[in-house]
Amino acid sequence: MPGAATTEWLGIIAHYRNFLPAVDEACVVTLLEGNTPLIRTPGLARRVSPLVDLWVKCEGLNPTGSFKDRGMTVAVSRAKARGHTRVVCASTGNTSASAAAYAARAGMVCGVVIPQGKIAQGKLAQALLHGARVIAIEGNFDRALTLVRELCEKYPVALVNSVNPDRIAGQTTVAYEICDALGDAPEFLAIPVGNAGNITAAWLGFTRYFEAGKVSRRPRMLGFQAEGAAPLVHGGVVENPETVATAIRIGNPASRQGALRAREDSGGLFAAVSDAEILAAQRLLAQEEGSR
Ligand SMILES: *Cc1c(COP(=O)(O)O)cnc(C)c1O
């Protein structure tokens, strides 16, 4: 087709089909997620070392505002292909917004279980606007996740938390995009860790690309948790996780094994940062680089 826009972005399922579980074309539910900017941050890099070349992947520019959309397009599409009409998730915020939007797109009902009072208000508004049925429970995220897992064992509802392997599969695409943009894998990947699905997915993505001969190396994985919610740094389970960063306020990561494997296999590390450091870093990114 002469003159056609051959570079049109059609979402991660269309773009990375060969690296994702099969999805029937007619069942693809997409909001054109992915293809987020990878921007160089020289001001920030200078604070680390003159030798460092630092880039930031702007995952907040996905359709509902987080990387969850990468996983959600695969999870909801495959739930649809299996004949599901209902999805459910536990959430501290971004998962519910994403699940609600993709469910709306698919014409499905979305249920969300949230820890009462522990969820970012804007995110809750987003989920409600997309028509999600929201139930607040007493207890934290970990309790909410246990509840929805039990629910999905008893009823024909698709669970779209990152314990669903389709979520992990979709989220591998952030690694492919980074490698495609840089021409090889980076030496290091720094990533926040809450329930640990995303670090698990990113490492799997780098590994798949490496095994397919697309890149010459894999990065060392640097995982960061909030001081008050750092079970992977300190071991064990944190009964009452606390941090300003609601998306990582999780005391018992469901993908703990995947995260530990990523650190071990990559020669990486986990570290905890204080809320003051998180807020300072957010300001720094916003004020020196125009990013957030
Ligand atoms: C979900 C989320 C996290 C945590 O990801 P996990 O897969 O739970 O480790 C971190 N940051 C943001 C913005 C998120 O939406």
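Select Glu288 and Arg47 to begin: their side chains meet in a salt bridge, with N to O at 2.5 Å. A salt bridge here is a side-chain nitrogen of Lys or Arg within 4 Å of a carboxyl oxygen of Asp or Glu. The pair links distant parts of the chain, with Glu288 in helix α12 and Arg47 in helix α2 (residues 42-48), 241 residues apart. Helices (H or I, at least four residues) and strands (E, at least two) are DSSP runs, numbered from the N terminus. Glu288 is partly exposed at 37% relative accessible area, and Arg47 is exposed at 52%. Buried means under 20% relative accessible area, exposed over 50%, and partly exposed in between (1.4 Å probe, protein chains only).

This is a predicted model, in which local features need pLDDT of at least 70 and side-chain atom pairs count only at pLDDT 80 or more, while totals for chains, interfaces and linings use all residues. Residues are numbered from 1 along each chain as its sequence is written, and side-chain values use heavy atoms, with hydrogens and water left out.

Stay with α12 and colour residues 275-289. This helix has 15 residues and reaches 21 Å from its first C-alpha to its last, close to the expected 21 Å; the expected span is 1.5 Å times one less than the number of residues. Gly290 follows α12 and has a positive phi, near 70 degrees.

Next, select Arg78 and Asp166. They form a salt bridge whose closest N and O atoms are 2.9 Å apart. Arg78 lies in helix α3 (residues 68-81) and Asp166 in helix α7 (residues 165-171), so the pair ties together parts 88 residues apart in sequence. Arg78 is partly exposed at 25%, whereas Asp166 is buried at 8%.

Move to Arg249 and Glu242, whose side chains meet in a salt bridge at 3.7 Å, N to O. Arg249 is buried, with a relative accessible area of 15%, and Glu242 is partly exposed at 40%. Then show Lys57, Glu59, Arg70 and Glu177, which salt bridges with shared partners join into one network. The count of salt bridges comes to eight.

Now display the strands. Four of them form an open sheet in the order β5-β4-β3-β6, with parallel pairing. β5 (133-137) and β6 (158-159) stand at the edges with a single partner strand each, so one side of each has no neighbour in the sheet. Strands pair if DSSP finds at least two bridges between them; five bridges join β4 (residues 109-115) to β5. Val113 stands opposite Ile135 in β5.

Within β3, pick Val87. Val87 is buried at 1% relative accessible area. Beyond four places away in sequence, Val87 touches Ala103, Met108, Val109, Cys110, Gly111, Val157, Ala158 and Val160; contact means heavy atoms within 4.5 Å.

Finish with the largest nonpolar core, of 30 residues, where Leu189, Ile199, Ala202, Phe206, Tyr209 and Met221 touch the most other members. Elements that each supply at least two of its residues include α8 (173-182), β7 (188-192) and α9 (197-211). Such a core is a set of buried Ala, Val, Leu, Ile, Met, Phe, Trp, Tyr and Cys residues joined through side-chain atoms within 4.5 Å. Apart from this core lies another, of 23 residues, among them Ala75, Val112, Ile119 and Ala158.
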